[in-house]
Amino acid sequence: MKNIQLMFVAALCGTVLSTFAEIVIKPVRTPSVSTNRPGIIVPGPDGGGITYEQPPQVIELLDGDVLKGTFVGFDSEGGAKWRHSAVKTDIEFMTDSLSKISLFPRPYSGASSDNTRVELVTGEELSGELLEMNNRHLVLKAWYSRNTLRIPREKILAIRPASAEAGVIYEGPSGMEGWKGQSVKVARDPRIPPPVIIQGRPLLNRPGINFGAGKEVPMPGGAAQGWQYSNESFVATRSNSLIGREMKLTDKVNVEFDLNWRGNFNLGISVFADKFDAYSGNSYMVGFSPNDCYLMRMANNVQNNLGRASFQDLRGKTKARISVRINKEEGTIALVLNNRVVKEWEDNAGFAGKGGNVNFVLLQNTYAKVSNIRVSQWDGKLPSGEGPQKEGKDLLVMSSAGSLSGELLGILDGKVRFKAAFSPEPLEMTLDTVARINLADTKLEKPKLGLGDVRVTFSNGGQFTFLLENWGADRVTGLSTVLGRVEFQPDAFSLLEFNLTKKEGSGSADPFDDF
């Protein structure tokens, strides 16, 4: 009789439950008012009639089973409670059967001062308003926490103060909405320079194989898999994967993002494109690898190489902050790696871009991850570079006037006190003039995961791992090795990931987790 009931519930849910032993269904008192309908209309942040249609939440088990519905709550002993419109009672899943829960919260739109990013030595990131920093800890006022957060100084890798820059065009990704993906059919070998243009058509050659002028050659084994969305990022592993979206680009624009990779890579960023294509229409494509970069001009389907440059900034690394800055009026495009300008091109033939598409194309089989994409208006100033960080010294990178090496004395009331080597007296500057602060004698560490640890992704970006104890209607409580006891707001998170130690041991974890 019990098996019949289980099968009946599974049929109502529209989900095939392949392993009943991993799922425990217990009757839980259901409230008289149902809140589990898909597509609930949630009032907007200002309460002024703006609405937000929340998609159904999704729970995924370790065995691959997936079920839509509503996340009710969690406690370390009872597991996760789940509600579905076709089931009379709430379902309770055992903790050791859970993989992830996608919550799709209402987008957070707060003050610009809330956007200071604190990078931890564990590779995690917290955001909020920086209230104070001294020689012991940093105090962060975070919209998602019921209390201010005290972060020990030795746990901080770097600080990225909130930018006063106006005109943010796009920040994300938070999903695939608005993005289009496909597999480019033209095969290009990343070991050779960009294609030679003969009579307006590219000549694509590889050692031993002559493709001919402009001939399209399918990738072996059929179309390559394109970019996939995962954990606030786009991930690709196959050559010729393309993803892009249309944006309202301004005359001066900054396209920046974090890039993670394994081994070698070759990536192209197409900007001001009037087609969702890397090699046709009217656009510019900045291509780069760990060793060099180039700019391709596309005008009326005719490609021209505007020059290439070699550099060593990315050798031996697996992560970088990439910035492509375009000045349409002056016809200039610059590639900035980790706040250093490696190449600036000038197009004297007139600006070729005629659209608003921004596209990413992976030009080589490799693991690549694009995250923390930010497209914004730009003031036209290029950074002078932060230079190497000296051992035992903090490094302060200014927004547009180079960097300082010395000692960070403190931050209070929006002002930074810094002792530079060349100055007998401490320097004082406003926080909004600082682009980044790298703290001395800190380096990335692989986080040590424990049983019961949950990795959460915040709705405005950034991830954090802590021991989840209880998830209620108005608060989330747990214990962190960095912050101690924490109390978060339930609407702060877009994703929860469980059983991290099991995934790590099975080799199914994100291939970029150990960066």
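Asn-499 is buried, with a relative accessible area of 14%, where buried means under 20% relative accessible area, exposed over 50%, and partly exposed in between, computed with a 1.4 Å probe on protein chains only. The model is predicted, so that local features need pLDDT of at least 70 and side-chain atom pairs count only at pLDDT 80 or more, while totals for chains, interfaces and linings use all residues. Residues are numbered from 1 along each chain as its sequence is written, and side-chain values use heavy atoms, with hydrogens and water left out.

Most residues other than glycine have a negative phi, and most peptide bonds are trans. Asn-499 and Asp-413 are set out below with their positive phi values. Helices (H or I, at least four residues) and strands (E, at least two) are DSSP runs, numbered from the N terminus.

In another loop, which runs between strand 13 (168-172) and strand 14 (180-183), lies Pro-173, and the peptide bond that joins Gly-172 to Pro-173 is cis, with an omega of about 5 degrees.

Strand 22 (residues 267-273) is mostly covered, since 7 of its 7 residues are buried. Two strands pair if DSSP finds at least two bridges between them. Strand 22 pairs in the antiparallel sense with strand 23 (residues 283-288) over 5 bridges, and there Leu-267 stands opposite Phe-288. Strand 22 also pairs in the antiparallel sense with strand 29 (residues 357-362), over 5 bridges, and in strand 29 Asn-359 is the bridge partner of Ser-270.
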